[in-house]
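Hi,

Here is the structure I promised to pass on. Have a look at it first, and then read my notes below.

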Amino acid sequence: MNRRELLKTAALLPWLSLTDVTHSLPSPRKRLTRIAYLGDTHLMPRRKPMKGLAQCLHHIQNQTDKPTLILNGGDSIMDSVSRNRRDTRRQWEAWQTVLRAECSLPVEHCLGNHDVWAHEESVNDPLAGKNWAQEQLLFSHRYRSFDRDGWHFIILDSIQPKKTGGWYSTHLDDEQLDWLQTDLKKTGTRTPILVLSHVPIISGRIGNELSGTDPSQWVIPDGAMHTDAPTLIKLFGQYPNLKTCLSGHRHVLDDVRYAGVHHLCNGAVSGNWWQSKTFRGTRRGYALLDLYDDGTTERTYVTY
Ligand SMILES: [Zn+2]
């Protein structure tokens, strides 16, 4: 029975006072803010991607119920892992050209695997690894947190370099995990918390690896989601006010509710890396997110 039905019923039951009825109902949640998520823009200095990102940014900013902040989930440029200095520079120049000309909303950026410069030319270069992306995306640290509109936002760095079997793995390094534990402790259990990571902490697009109810028994393929998901699930379980995790990386829309947390993977601005508009059933787009005072989130996926 919803609120309206209950009040209607109460009108037919004169011995039940209106105060009794309204006290037995949960108070309606209040929206504190609206934000936008965009990610996997995979920008290159070519007409289609530059025009596409500009269109997407206009679409966000022309919403009648306009978001106040954009979260960028990472993989901002097509790729700097395997590209030389010249190619990487041209991609970042394209990124700056579009962002400066087409975006007037504040943007908080998260690091993606393709934003890391790992080409052989980067050896001994001060811009190597995550440094070039940090300089271009203007963030103070690869992981960080901030407060805004009554919410606590945590931005994580999912990408850890490794020597064999692919060049990166997807988990938090020890230093970052220590920081996260401290940050959560400081935030406490009342302020609503949103976590943003490039790679999903949990994704529904994984096969039988997650069969079994005990997360410590999961076999998680590197790159598909956070391999330290069992640790993070346990940590987040101590904070009932942490109900929302956002991510990208997989270019698909995904909605998983697990252990009290809503894990939302939010498609890709580039769709199928600008080859076509749709990737595995998800059209290129971005997400609008309404954040409520009870820590819940409503997502609307918008194609542009
Ligand atoms: Zn990625």
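Before the helix pairs, a quick word on terms: axes are lines fitted to C-alpha atoms, for helices over the stretch in contact, and angles run from 0 to 180 degrees between N-to-C directions. Helices (H or I, at least four residues) and strands (E, at least two) are DSSP runs, numbered from the N terminus. This is a predicted model, where local features need pLDDT of at least 70 and side-chain atom pairs count only at pLDDT 80 or more, while totals for chains, interfaces and linings use all residues. Residues are numbered from 1 along each chain as its sequence is written, and side-chain values use heavy atoms, with hydrogens and water left out.

Now the helices. Helix 6 (residues 174-187) packs with helix 7 (residues 229-236) at an angle of about 15°, and their axes are 11 Å apart. The two are therefore roughly parallel (angles under 35 degrees count as that). In contact here (heavy atoms within 4.5 Å) are L177, L180, Q181 and L184 of helix 6 with T231, L232, L235 and F236 of helix 7.

Helix 3 (residues 47-61) and helix 4 (residues 85-102) pair up at about 25°, with axes 10 Å apart. That makes helix 3 roughly parallel to helix 4 too. On the helix 3 side, M50, L53, A54, L57, H58 and Q61 take part, and they meet A94, W95, T97, V98, L99 and E102 of helix 4.

Then there's the zinc ion. What coordinates the zinc ion? D75 (OD), N113 (OD1), H198 (NE2) and H249 (ND1) do, at 2.1 to 2.2 Å. Donors are N, O and S atoms within 2.8 Å of the metal (3.2 Å for Na, K and Ca), and water is not among the atoms, so sites may look incomplete. Along the sequence, the donor residues are spaced D-x37-N-x84-H-x50-H. H198 lies in the loop between strand 8 (193-196) and helix 7, and H249 in the loop between strand 9 (242-247) and strand 10 (253-258), so this pair ties together parts that are 51 residues apart in sequence.

Cheers

Methods:
Angles under 35 degrees count as roughly parallel, over 145 as roughly antiparallel, 65 to 115 as roughly perpendicular and the rest as oblique.
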